[in-house]
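Student: Could we go through this structure together? I should like to begin with the strands and then turn to a helix.

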Amino acid sequence: MTPGKLAGRSAVAGAVAGAVVGAAQAVAGAVVCARLARGRRRRPPLRPVPAVAESGGSVVVPAGEVSVRATAGNVSVVVPAGNVSVVVPAGNVSVVVPARDEEGRLGPCVAAALADPAVREVIVVDDESTDGTARLAASLGATVVRGTPPPPGWVGKPWAVHQGLAAAKGPVVVTLDADARPRPGLFGALAAGLEEFDLVSAGPRFVCDGPVEQALHASFLATLVYRLGPIGAATPPPPHRVLANGQCLAFHRSAMLAADGFARVRGHLADDVALARTLAAGGWRVGLLDAGDLLTVDMHDSAAGVWREWGRTLALADVTGRGRQAADLAVVWLTAALPVARLLAGRATPLDLGLLGVRLLLAWALRGSYERPGRGLLLSPLLDPATAVQLTRATYRPRRIWRGRSYGPPRPLGPLVGGGTGRGTSGGTADGTGDETDLGSGGTCDRTDGGTGGGR
């Protein structure tokens with residue numbers, strides 16, 4: 001074959017490949033826009049719900065249309081728009097904090113929780129720490145549970161929470177990561193949310209130290225939105241696409257004990273999403289709600305920590321099927337990474353420029369997800385190619401090592417036999433003991449948060 005014919009065939013093959021990629025990119029772009037559009041109808045963010053122990057008097061919750069009336073030690077929260085009445089007794093919540101070598105971050109979390117009238121007790125599960133975690137927790141007034149080594153097949157965090165849940169006495173349990181910073185009214189709001197949902201997960205505002213860390217964090221967060229859509233959409237996703245943020249979960253103690261939820265996801269590093277999807281498949285109503293006004297989280301101490309730690313679990317590799325993983329990665333590569341790479345190479349197509357515009361709108365909208373939004377948000381699209389590489393590596397070559405512990409592969413998620421929901425009364429008994437089984441943009445949504453808190 002002559003060189004001319006070879007060149008001609010190569011040009012034809014290149015044109016065909018370009019057309020195929022362009023068509024796939026257009027389809028992926030339509031998928032992303034459809035997912036972002038779900039954010040146009042979102043649930044309102046959580047508002048502070050104070051707990052009042054004294055009888056008599058009334059309180060109006062600021063910045064929300066919620067009136068609070070105290071009667072005989074109970075707080076009656078009336079939401080006029082939905083005509084819903086919720087009773088949240090003071091001292092009704094047990095807070096469980098799993099902690100492994102968290103002396104440097106634990107203090108503000110425990111102190112804020114203990115200061116909230118809705119909280120009955122704060123239980124810190126010392127997960128074999130080598131620092132002063134247990135001593136600090138005890139000095140602040142928390143109950144310290146000395147955690148035992150994870151049994152075979154367990155990841156550290158679900159095992160620690162499992163032990164804390166066994167020690168809890170309140171009818172409502174809220175789990176918090178040590179880097180969480182709750183604000184007044186959070187625990188009452190979570191307890192009130194359990195009138196509508198069986199498992200409530202709170203989306204916080206993130207604290208990032210410097211523009212580079214914020215840019216990388218926002219790039220990872222954008223991939224979560226592109227794959228699963230914004231949080232708090234009015235229409236719930238199917239169970240296999242449910243998302244949760246393990247930094248803050250709330251549920252009725254009796255219902256979770258009956259479901260044995262944490263044992264069912266014992267081997268998952270993305271334990272929060274595994275728990276939410278397992279329970280949703282068994283009939284639980286799961287809500288990931290915007291709690292940015294009530295909760296902040298300082299997840300990492302540097303951009304390197306974001307890359308190493310969040311990039312490890314954000315792929316959700318151990319809770320997502322292979323086909324869905326490939327589809328999600330294709331969406332990220334075609335709509336986020338490829339347009340930036342082509343732009344930097346001087347070969348951007350009109351479709352690339354349109355997708356870059358969508359990505360910049362999302363970057364602007366993500367400012368509501370950060371305590372101190374800065375220029376890192378607008379720079380975040382430039383890191384999308386690197387983020388796509390890390391996401392792909394974490395999907396197909398996951399590292400199941402965390403805090404000095406190595407773990408084997410988890411059991412696959414699957415539905416359980418039986419029915420029921422995670423309903424429980426505020427007095428501590430479950431009215432459904434349910435044999436349940438098995439982390440916004442522009443005009444589309446005004447803030448977005450995602451899981452996951454990951455495993456230890």
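Student: What do β5, helix α2 and β6 make?

Tutor: Please keep in mind that this is a predicted model. In it, β5, helix α2 (residues 103–114) and β6 form a β-α-β unit that is right-handed.

Student: How many bridges join strand β5 to β6?

Tutor: There are 7 bridges between strand β5 (residues 93–99) and β6, and the two run parallel. As one example of a facing pair, Val 97 is opposite Val 124 in β6.

Student: And which residue in β7 is the bridge partner of Asp 126?

Tutor: That partner is Arg 146. Strand β7 (residues 143–146) is joined to β6 by 4 bridges, and these strands run parallel. Between them comes another helix: β6, helix α3 (residues 133–140) and β7 make a right-handed β-α-β unit.

Student: Is strand β6 mostly covered or mostly open?

Tutor: Strand β6 (residues 119–126) is mostly covered, with 7 of its 8 residues buried.

Student: Now the helix. Why is α6 described as largely enclosed?

Tutor: Of the 18 residues of α6, 16 are buried, so the rest of the structure largely encloses this helix. Buried here means under 20% relative accessible area.

Student: What should the residues of helix α6 span?

Tutor: At 1.5 Å a residue, the 18 residues of helix α6 (residues 211–228) should span 26 Å. The C-alpha atoms at its ends are 25 Å apart, which agrees.

Student: What comes just after α6?

Tutor: Gly 229 follows, and it takes a positive phi of about 85°.

Key. Residues numbered from 1 in each chain as written. Predicted model: local features only at pLDDT ≥ 70, side-chain atom pairs only at ≥ 80, totals over all residues. Heavy atoms only, no water. Buried < 20%, exposed > 50% of the residue type's maximum accessible area, 1.4 Å probe, protein only. Pairing = 2+ DSSP bridges. Right-handed = clockwise from strand over helix to strand, strands pointing away. Expected span 1.5 Å × (residues − 1).
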